[in-house]
Each structure stands twice: as structure tokens, then as C-alpha cells.
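Have the structure open while you read.

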Amino acid sequence: MLSAFMGRAALPPTGQLDRRNIRIPHDVMNAAWTLTAIIGGLTLLLAIRAPAAAHDDDTVTERVAVSWRPEDLTDAARAKALLHRLDAASITACGGASNVSAPLKSVAENSACHRESFRRAIQSFHNPLLTRLADATDATTTTNQDQ
């Protein structure tokens, strides 16, 4: 079924192309499969790397719930207990969870992350008693560290 014009194959009368007669060179198919494998591999690597990049970011916020009652803000003894819970939660949020080794927990306890998260937690209560007790505890801790 060759056309008389320029030696090209004419389309069948139905207007459909017979795909059985199309020949793709072996090298082209190998290149297509190789390119598909490379693109698939890169997509997989990007999918794996994206969550890991989120951990590299220091702005990721870890939230730890602390239970408290309104009475904790009126009684000094209960406020001290609340401060202790807030301190433990801020250590946990900064990487010092109970299941980590003692050196890592010590690093978390002495980190700027711990101090900042503890300060923000206390400020969020807007309570003078809690703030005063935290300042007194901070002053005692600073004096003990200096010795």
C-alpha cells in the first residue's frame, strides 16, 4: 500500500493506522526505559528526602501537653508543682524525652531551647505568682550553676 506521492505509505481506507507495522529501534526503547528508571528513582529520592529536610529545620515546633487547673495559679505550692511540670514538658519538647540517654537529656536541660520554651510557657499564663516563682527558681538555678 504505497502511495504514489513521495513513496510514503498511505493510510488505510478506514483512516486508522495499523500499529503492528510500526518499528521502534532497539536503542530508542532502551533509552526510553533508562530515562523512565532515572526519573522514577529521582522521584523516589525526593519523596524520601522531603520529610528528612523538615527535621533539619530548627523552626519545627514540638508541642507537649501539660495538665493544670485554675487552683494551680492561686496557691504557691501548687504553682511550684505546675512549674515543675512545665519545666519537664519544655525539656521533653527540646529533645530530652525520658527514653533518651542521660547526656542527651542533660544537653536538652541546659539548652537555649529549654530556657526559651519554659519562659514562653510561663508568660502564656499571664499570672504574677507563677512568674515570680519562676524568676525566683531561675535566680536560684543561676546562683547554683555559678558555684
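Predicted model: local features only at pLDDT ≥ 70, side-chain atom pairs only at ≥ 80, totals over all residues.

Let's start with Arg119, which is partly exposed at a relative accessible area of 35%. Here, partly exposed sits between buried (under 20% relative accessible area) and exposed (over 50%), using a 1.4 Å probe and protein chains only. Numbering runs from 1 along each chain as its sequence is written, and side-chain values use heavy atoms, with hydrogens and water left out.

- Arg119 pairs up with Glu116 in a salt bridge, at 2.2 Å from N to O; the term stands for a side-chain nitrogen of Lys or Arg within 4 Å of a carboxyl oxygen of Asp or Glu.
- The two residues are 3 apart in helix 4, so about one helical turn separates them.
- Helices here are DSSP runs (H or I, at least four residues), numbered from the N terminus.
- Glu116 is partly exposed as well, with a relative accessible area of 32%.

**The Asp72 network**
- Searching the whole structure turns up 3 salt bridges.
- Asp72, Arg78 and Arg85 are tied together in a salt-bridge network.
- Arg78 bridges to Asp72, with the closest N and O atoms 3.1 Å apart.
- Arg78 itself is partly exposed, at 35% relative accessible area.
- Asp72 also meets Arg85 in a salt bridge, again given as 3.1 Å from N to O.
- That pair links distant parts of the chain: Asp72 is in the loop between helix 1 (26-56) and helix 2 (76-93), Arg85 is in helix 2, and they are 13 residues apart.
- Arg85 comes out partly exposed, at 30% relative accessibility.

**Ser111 in its loop**
- Ser111 sits in the loop between helix 3 (102-109) and helix 4 (112-125).
- Its relative accessibility is 17%, so Ser111 counts as buried.
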